[in-house]
Protein chains: 2
Amino acid sequence: MRDFTSDHSALALNTATLGHNLDGPGAGWSPERVIDACAARGYGGLVFWRREIGGRAIEIGERVRAAGMQVVGLCRTPYLTGSEAGSADQVTASIDMAAALGAGVLTIVTGGTDPGTKGTGDSRKRLAERVAAHADHAARNGVALALEPLNPMFGGNRTCLFTVREALELCRAIDRPNVGIAVDVYHVWWDSCLSDSLAAASGRILGYHLCDWLEHTSDMLLDRGMMGDGVADLRAIRRDVEGAGYAGLCEVEIFSAQNWWKRPPEQVLDTIVDRFRRFC
Amino acid sequence: MRDFTSDHSALALNTATLGHNLDGPGAGWSPERVIDACAARGYGGLVFWRREIGGRAIEIGERVRAAGMQVVGLCRTPYLTGSEAGSADQVTASIDMAAALGAGVLTIVTGGTDPGTKGTGDSRKRLAERVAAHADHAARNGVALALEPLNPMFGGNRTCLFTVREALELCRAIDRPNVGIAVDVYHVWWDSCLSDSLAAASGRILGYHLCDWLEHTSDMLLDRGMMGDGVADLRAIRRDVEGAGYAGLCEVEIFSAQNWWKRPPEQVLDTIVDRFRRFC
């Protein structure tokens with residue numbers, strides 16, 4: 001049992017938390033600067049986005065490990081379903097980038113409802129076929145694929161997978177040892193079946209993403225809360241995630257255009273450590 | 001079996017669809033003008049909001065019935081949980097207004113997570129107690145209470161009830177014959193358990209709310225789609241709702257600040273009839 005009150009080596013930073021999308025204080029930070037800042041604070045790992053890596057995957061991965069941390073994951077494949085789905089080659093390229101980076105896990109945000117269909121049933125069937133078609137190449141390269149269910153507000157264009165239960169059903173249909181589930185508090189905190197679904201997903205959980213759900217969420221995408229500022233039961237969810245056998249790091253991923261992305265990255269990183277110790 | 005292709009007497013208008021919140025073309029329309037416009041087009045009923053009724057509940061209800069339509073429902077009780085919960089007296093007053101209007105159903109949007117708690121479990125327990133405390137007064141006045149699960153994007157401040165399954169569990173806990181469920185396409189279209197949940201809710205469904213979920217939803221609250229413009233499987237959901245014994249009207253409720261609320265109400269009402277016949 002981890003000592004939650006004093007240890008934060010289980011903490012990983014998803015680099016989006018420092019506002020890579022905006023012209024705020026963190027926008028100019030290179031991967032190297034983020035790596036050094038996290039290592040100095042005792043973080044256990046990092047999760048990058050493809051746009052930050054470019055052709056430097058091997059170099060950045062080695063830099064993370066030289067700093068004593070893990071590359072926990074890479075965000076993410078192109079969409080696999082919906083009107084904005086990427087090509088099979090683009091998916092393969094994202095797998096290869098994860099492998100070069102030494103990221104054990106590549107996250108899949110599925111994409112939405114396939115053109116010409118209604119609801120999500122047809123899209124989920126096609127998703128299962130498409131993930132299965134990429135799973136062997138990923139396995140040969142040491143990469144696991146993590147299906148991430150998203151909050152139902154992202155149905156239509158971003159996802160056809162909304163709950164851990166649905167993700168688990170899809171994993172079973174795909175039936176490959178390197179296909180599992182990413183559990184993100186922002187997306188699944190509300191689900192009264194969550195505890196049961198996580199227990200059923202034992203051994204399948206490949207990632208745990210942390211933030212908080214604010215009582216008043218002003219923007220679907222970019223108003224995530226810092227742990228402790230919202231209503232999600234973070235301790236209960238982590239207990240269930242770890243109870244289902246997840247022994248990896250806790251990845252903090254906060255998109256916050258109006259708050260945290262406007263603050264100096266050093267302050268954000270320090271706040272995460274403090275909140276992780278107190279609330280997670 | 002209804003003839004879906006030619007009949008629209010099953011259609012009801014939720015008055016919010018004409019943009020009662022905005023200064024658009026429909027903002028100045030009185031309840032009487034809405035009643036006449038719906039009756040002229042063969043609508044079967046209307047659903048009002050409390051703000052439109054004021055002290056004129058009896059008069060407006062009689063006007064609807066004189067026009068050959070039903071008052072299908074009233075929106076809605078104050079929140080029963082969360083930091084913005086109304087008082088018990090305010091809830092009672094909304095029940096009395098529904099009774100005076102002759103509205104058979106009063107919708108409950110539950111409200112969010114109760115202050116000082118995390119997640120939604122505690123709030124749902126308190127919700128069950130609070131609904132039960134009002135159910136007898138409602139029954140004595142001929143009013144049924146319809147718990148409406150909302151899309152999980154409304155967790156935190158607006159709801160602690162997200163799926164038909166959760167609403168059904170709460171109905172069973174409350175165990176009163178006049179407490180049931182409102183099924184709104186916008187909130188539940190994504191749920192892969194929906195068909196099973198509706199079958200299990202047989203006899204408990206008190207309302208069916210229609211719109212569509214747009215592929216790209218730009219605003220959580222005010223960007224609902226017109227039937228046929230989105231990705232929800234409207235025919236399948238209606239089949240399941242009616243298969244579970246619901247024999248009431250189909251209530252069109254479209255909050256659309258940037259599209260339908262900017263159009264003339266006559267055009268919106270005509271479009272609804274056309275879309276209902278073709279897509280629902």
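How many residues of chain A are in contact with residues of chain B? I began my notes with this question, and I record at the outset that the model is predicted.

**Entry 1: the interface**

I found 33 residues of chain A in contact with 33 residues of chain B. I then looked up the buried area: the two chains bury about 2,600 Å² between them, and 56% of that area is on carbon and sulfur atoms. A:Lys118, A:Trp190 and A:Glu215 supply 22% of the area that chain A buries against chain B, more than any other three residues.

I sorted by class the side of chain A that touches chain B and noted 10 nonpolar, 14 polar and 9 charged residues. For salt bridges across this interface the rule finds 0. For polar contact, it finds 16 residue pairs across the interface of chain A and chain B.

**Entry 2: how the copies are related**

I next looked up the superposition of the chains. A rotation of 180° superposes chain A on chain B, with 0.0 Å of shift along the axis and an RMSD of 0.0 Å. The two copies are therefore related as by a two-fold rotation axis. Which residue of chain A comes closest to the rotation axis? I found A:Met153, whose C-alpha lies at 2.8 Å. I also noted that 100% of the interface residues of chain A are interface residues in chain B as well, so the copies meet through the same surface.

**Entry 3: salt bridges**

In one of them, A:Arg33 and A:Glu266 meet through their side chains, at 4.0 Å from N to O. This pair links distant parts of the chain, 233 residues apart: A:Arg33 is in helix α1 and A:Glu266 in helix α10. I noted A:Arg33 as partly exposed, at 44% relative accessible area, and A:Glu266 as partly exposed too, at 32%.

A:Asp114 forms a salt bridge with A:Arg130, with 3.3 Å between the closest N and O atoms. A:Asp114 is in the loop between β4 and α5, whereas A:Arg130 is in helix α5, 16 residues apart. Is A:Asp114 buried or exposed? I found it buried, with a relative accessible area of 4%, while A:Arg130 is partly exposed at 29%.

The side chains of A:Arg56 and A:Glu59 meet at 2.9 Å, N to O. With A:Glu32, these two residues are linked in a network of salt bridges.

**Entry 4: two buried residues of chain A**

I located A:His187 in helix α7, residues 185-188. Its relative accessibility is 3%, so A:His187 counts as buried. A polar atom of its side chain lies 2.9 Å from the backbone nitrogen of A:Asn151. Beyond its sequence neighbours, A:His187 is in contact with residues including A:Glu148, A:Phe154 and A:Arg224.

I then turned to A:Cys211, in the loop between β7 and α9. A:Cys211 counts as buried because its relative accessibility is 0%, and buried means under 20%. Its C-alpha atom is separated by 6.4 Å from that of A:Val185, 26 residues apart along the chain. Among the contacts of A:Cys211 beyond its sequence neighbours I noted A:Tyr186, A:Arg224 and A:Glu253.

**Entry 5: a glycine of chain B**

B:Gly104 is partly exposed, with a relative accessible area of 34%. B:Val72 is 32 residues apart from B:Gly104 in sequence, yet 6.2 Å apart in space, C-alpha to C-alpha. Leaving aside neighbours within four places in sequence, I found B:Gly104 in contact with B:Val71, B:Val72, B:Gly142, B:Val143 and B:Ala144.

Definitions and conventions
Residues numbered from 1 in each chain as written. Chains lettered and ligands numbered in written order. Predicted model: local features only at pLDDT ≥ 70, side-chain atom pairs only at ≥ 80, totals over all residues. Heavy atoms only, no water. Contact = heavy atoms within 4.5 Å. Buried area = accessible area lost by both parts, 1.4 Å probe. Polar contact = N/O pair within 3.5 Å; in protein donor to acceptor, adjacent residues only side chain to side chain. Nonpolar A, V, L, I, M, F, W, Y, C, P; charged D, E, K, R; others polar. Buried < 20%, exposed > 50% of the residue type's maximum accessible area, 1.4 Å probe, protein only. Least-squares fit on C-alpha atoms with pLDDT ≥ 70 in both. Helix = DSSP H or I, 4+ residues; strand = E, 2+ residues; numbered from the N terminus.
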